[in-house]
Amino acid sequence: MPFLKRPQTTEPPVKLWDKKAQKCGPHHTVYSVNGDQYTGEWMDNKKHGKGTQVWKKTGMIYDGDWRCGKREGYGTLSKTDPQTKEYVRVYIGSWRNDKKEGAGTYFYSPSAFYEGQWKEDQRSGWGQMQYENGELYEGDWLKDKHHGQGLLLLANGNRFVGTWSDGQKNGHGKFFYLDRGQLYEGFWVDGVAKCGTMSDFGREAAVRPTVYPIPKVCLQDSQAVLIDARAYFTEDKEKSTETTIPNHTVARQYVL
């Protein structure tokens, strides 16, 4: 009678052993072959509940909530400081599907941090960003860029408040030159002021006020000039391929 060989399994032995182990509930530290380690709760052989994960290669550590093997809920991400060899916080807040999502604070450096809303690992929603150069932005974000209504406070005290799009000033806004006592209000396109009015604002309290106040410009209908110019630049942005210039171009010379 011929001898029949039993078909061999395609899975390596280590996976079979892991299936037999079937980690579930609280466990002591579990080590991986690459040096990573996890201490916490399991369910159906996946990290689930409260737990701490250490990644040896990157020196990162996560302590918080897990769901079906992924970070989800509230948790803290830290990294090893190369000088002190101690853990410093990188992110504190909400997670979903192993990504930053919801409210959280990210520390870029000791002097730069973002506090606000996240979506799929990107700053999206309302948030406040403190930059290393002393600038501060507070307002709306979309995919890691200023987008919507926001306030930019410069290190010298000057500030811009208005509309942003794709990380640049776009639309109506006001730029306060508090150091010299002036206010520019107008319309921006891709970070460039296109049309608006400049007026004195707080010259008495300015650090370096202008020598003379801005003289009054007399136009028969200044608002009509601004509306006309704003409409042109809005249309020009939507139709960037258009090269012809309307007849009201000369009128825009008087708005500044």
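In strand β15, Met198 is the bridge partner of Tyr184. Helices and strands here are DSSP runs numbered from the N terminus, with at least four residues (H or I) for a helix and at least two (E) for a strand. β15 covers residues 192-200, and eight bridges join it to β14 in an antiparallel arrangement. Two strands are taken as paired if DSSP finds at least two bridges between them. The hairpin of β14 and β15 has two residues between the strands, and Asp190 takes a positive phi near 50 degrees there.

Before I go on, a word on the basis of these values. This is a predicted model, in which local features need pLDDT of at least 70 and side-chain atom pairs count only at pLDDT 80 or more, whereas totals for chains, interfaces and linings use all residues. Residues are numbered from 1 along each chain as its sequence is written, and side-chain values use heavy atoms, with hydrogens and water left out.

On its other pairing, β14 is joined by seven bridges to strand β13, residues 168-177, and the two run antiparallel. Within this pairing, Gly171 stands opposite Trp188 of β14. The hairpin formed by β13 and β14 has four residues between the strands, and Gly181 in the turn has a positive phi of about 75 degrees.

How many of the eight residues of β14 are buried? Seven are, so the strand is largely enclosed by the rest of the structure. Buried means under 20% relative accessible area, exposed means over 50%, and partly exposed lies in between, with a 1.4 Å probe and protein chains only.

I turn now to the aromatic residues. The structure holds 20 aromatic pairs. Rings of Phe, Tyr and Trp (the six-membered ring for Trp) pair if their centres lie within 6.5 Å; planes under 30 degrees apart count as stacked, over 60 as edge-to-face, and the rest as tilted. One of the pairs is Tyr137 with Trp141: the centres are 5.2 Å apart and the planes stand at 90 degrees, so this pair is edge-to-face. Both Tyr137 and Trp141 are buried.

Phe160 and Trp188 also form an edge-to-face pair, because their planes stand at 75 degrees, with centres 4.9 Å apart. Phe160 belongs to strand β12 (residues 159-165) and Trp188 to β14 (residues 182-189), so the pair ties together parts that are 28 residues apart in sequence. Phe160 has a relative accessible area of 1%, and Trp188 one of 5%.

Two rings also have a charge over them, which requires NZ of Lys or CZ of Arg within 6 Å of the ring centre and within 35 degrees of the ring normal. The charged end of Lys100 sits over the ring of Trp118, 5.4 Å from its centre, and Arg180 lies over the face of Tyr177 at 4.1 Å from the ring centre.

Where is Asn158 found? Asn158 is in the loop between β11 (145-153) and β12, and at 4% relative accessibility it counts as buried. Its side chain reaches the backbone nitrogen of Leu178 at 2.9 Å. Beyond its neighbours within four places in sequence, Asn158 is in contact (heavy atoms within 4.5 Å) with residues including Leu152, Phe175, Tyr177 and Asp179.

Finally, the overall composition. The protein has two helices and 15 strands, and 32% of its 256 residues count as buried.

Terms used
Polar contact = N/O pair within 3.5 Å; in protein donor to acceptor, adjacent residues only side chain to side chain.
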